[in-house]
Amino acid sequence: MPSTSSINDGNLAPGSTLILVGTTKGAFVLASDASRQAWTLTGPHFPGESVYALAYDERNGRRRTLAATRSFHWGSTVRPSDDFGKSWTGPERQTVRFPEASGLSLVQVWQILPGPADDPDLMWAGVEPACLFESRDAGESWTPVDGLLNHEHRPKWQPGGGGLCLHTIVPHPHDKQRMLIAMSTGGVYRTEDGGKSWRARNHGVRAEFLPDKYPEFGQCVHKVASHPAKPERLFLQNHWGLYRSDDWADTWHDVANGVPSDFGFCMQMHPHDPDTVYIVPMQSDQFRCAPDAKLRVYRTRDAGASWEPLTNGLPQEQAYETVVRDALTADSHKSAGIYFGTRTGKIFGSRDAGDHWMEIADSLPPVCCVKAAVVGGNH
Amino acid sequence: MAISIVLPRALHQYARGTNVVSLDEPCPTVADALASLAARLPAVTDRVLTEQGELRPHVNVFVGTESVRFLDGLETELADGSTLTIVPAVSGG
């Protein structure tokens, strides 16, 4: 075991903070100690390839980073690193593959989610075209979940601006038969039988771009967030609309109370408070930039009854920034770190749950996803 | 019948470091040649063809100096001694 604690040496001490950044031209890793005042940047990893999904998995004694990479020419794959990106072991074969009989071909992976601690080799991947894949060997091999692959609605799911992607995976923390996913477009789907069958769960979610504004499915849901302390309660950032469900997605209710725009992409729970959620509103679907060119994170601390702008340290003039659906994240430190990346290649972070912000990185390629973790769990 | 397949540098790592693969078995078409290649080096064809056996959108295969996109696609017929060249399109990174 190396004695140094350095991202450049592929070794980080317990309590270190990790930010994984995926961009249109590669991945970057930012590392800091628990104070989160100074950061070391490594990368680009996979230069020239887009990275829309990253994950960090510490189950079963691993210290594994997973990156979903997409080459413009050679397709998409999931690659692991056990030394924080110092080296990557790409699989020979492309492991996320649709069966030939499906008629589908993988475009890219949009989400990688490690499963629960008591099932340490279980992982999920959300992909484009919209489907859920499952791995039983910690990401070495993947199989599609048949209940979604063969869903009767599939012919009517339509791609949003980013493609027909399954981007959100929300497993129920106490019941392994239950899971919720979201796709653009298609909306929210829920299984109660371990993935065998899936029902659309979009009641109350508006589809502004369809003649029928409240269809059973077809909504362009951008992100869903939940906290394990209150698993039946969900928050949803829609393509126009902010919603909350208190009944595990049976019904949704508008909670866009006091935000400058209810259009946006990303949504993140506070790691320790199930009433606190973060969003970054965008002006509109026709102008997907910060409203009034002021970069503001909005936070609710009362489960959507009210939202407050967080601006301290964020640019409030000429900030034509865009934050996409997976570019907002949180670490698990006691004083929660909140981080986000922009399409202009900036990374902002807060060490105090959003009260104060600092620019951590600049001039990266356009940011697609940001994931944070504390090495060794909570410290 | 000998067919040669010239691989781009990006795929050498999936071809045990080689840059030209010679096929001695009968390969009447480009699809047949790529199927023979898949039997030897499946990691290479993973990156050239989709799960549906279609040429990836930004990968080009030439027979001699002509792209199969302007011939009969993967059904383009091969003559003895043909050379296939796999190259990434000008798009990218």
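In the predicted complex, 17 residues of chain B are in contact with 15 residues of chain A. Two residues are in contact here if their C-beta atoms, placed from the backbone, lie within 7 Å. The predictor gives the complex an ipTM of 0.92 and a pTM of 0.96.

Residues are numbered from 1 along each chain as its sequence is written, and chains are lettered from A and ligands numbered from 1 in the order in which they are written. Because the model is predicted, local features need pLDDT of at least 70 and side-chain atom pairs count only at pLDDT 80 or more, while totals for chains, interfaces and linings use all residues.

Chain A has one helix and 27 strands. Both kinds of element are DSSP runs, numbered from the N terminus: helices are H or I with at least four residues, and strands are E with at least two. The radius of gyration of chain A is 19 Å, close to the 21 Å that the globule rule gives for 379 residues, so chain A is as compact as a globular protein of that length. This radius is taken over C-alpha atoms, and the rule is 2.2 Å times the number of residues to the power 0.38. The C-alpha atoms of chain A fill a box of roughly 60 × 50 × 40 Å along the principal axes. Buried residues make up 51% of the 379 residues in chain A. A residue is buried if 20 or more other C-beta atoms lie within 10 Å of its own, exposed if 12 or fewer, and partly exposed in between, with C-beta atoms placed from the backbone. Of the contacts in chain A between residues at least 6 apart in sequence, 49% join residues at least 24 apart.

One open sheet of chain A has four strands in the order S3-S2-S1-S27, with antiparallel pairing. Two strands pair if DSSP finds at least two bridges between them. Strands S3 (40-45) and S27 (367-374) are the edges, and each pairs on one side only. Strand S2 (residues 26-32) is joined to S3(A) by four bridges. Within this pair, Ala27(A) has His45(A) as its bridge partner. Strand S3 of chain A also holds Pro44(A). The peptide bond from Gly43(A) to Pro44(A) is cis, with omega near 5 degrees.

Pro129(A) is found in the loop between strand S8 (123-128) and strand S9 (131-135) of chain A.

Strand S21 (residues 297-300) of chain A sends Val297(A) and Arg299(A) one way and Tyr298(A) and Thr300(A) the other, and all are buried. Strand S20 (residues 277-282) pairs with S21(A) in the antiparallel sense over three bridges. In this pairing, Val277(A) stands opposite Thr300(A). Three bridges also join S21(A) to strand S22 (residues 308-310), again antiparallel. There, Tyr298(A) stands opposite Pro309(A).

Asp292(A) is in the loop between S20 and S21. Its phi is near 60 degrees, a positive value in a residue other than glycine. Asp292(A) is partly exposed, with 13 other C-beta atoms within 10 Å. Gln318(A) lies in the loop between S22 and strand S23 (328-330). Gln318(A) has a positive phi of about 50 degrees although it is not a glycine. With 9 C-beta neighbours inside 10 Å, Gln318(A) counts as exposed. Thr342(A) sits in the loop between strand S24 (338-341) and strand S25 (347-350). Thr342(A) is buried, with 24 other C-beta atoms within 10 Å. Leaving aside neighbours within four places in sequence, Thr342(A) is in contact with Glu321(A), Thr322(A), Val323(A) and Val367(A).

Chain B has two helices and five strands. From the N terminus on, its elements run β-β-α-α-β-β-β. Buried residues make up 29% of the 93 residues in chain B. The mean pLDDT of chain B is 95, and 99% of its residues reach 70 or more; pLDDT is the predictor's confidence in each residue, from 0 to 100.
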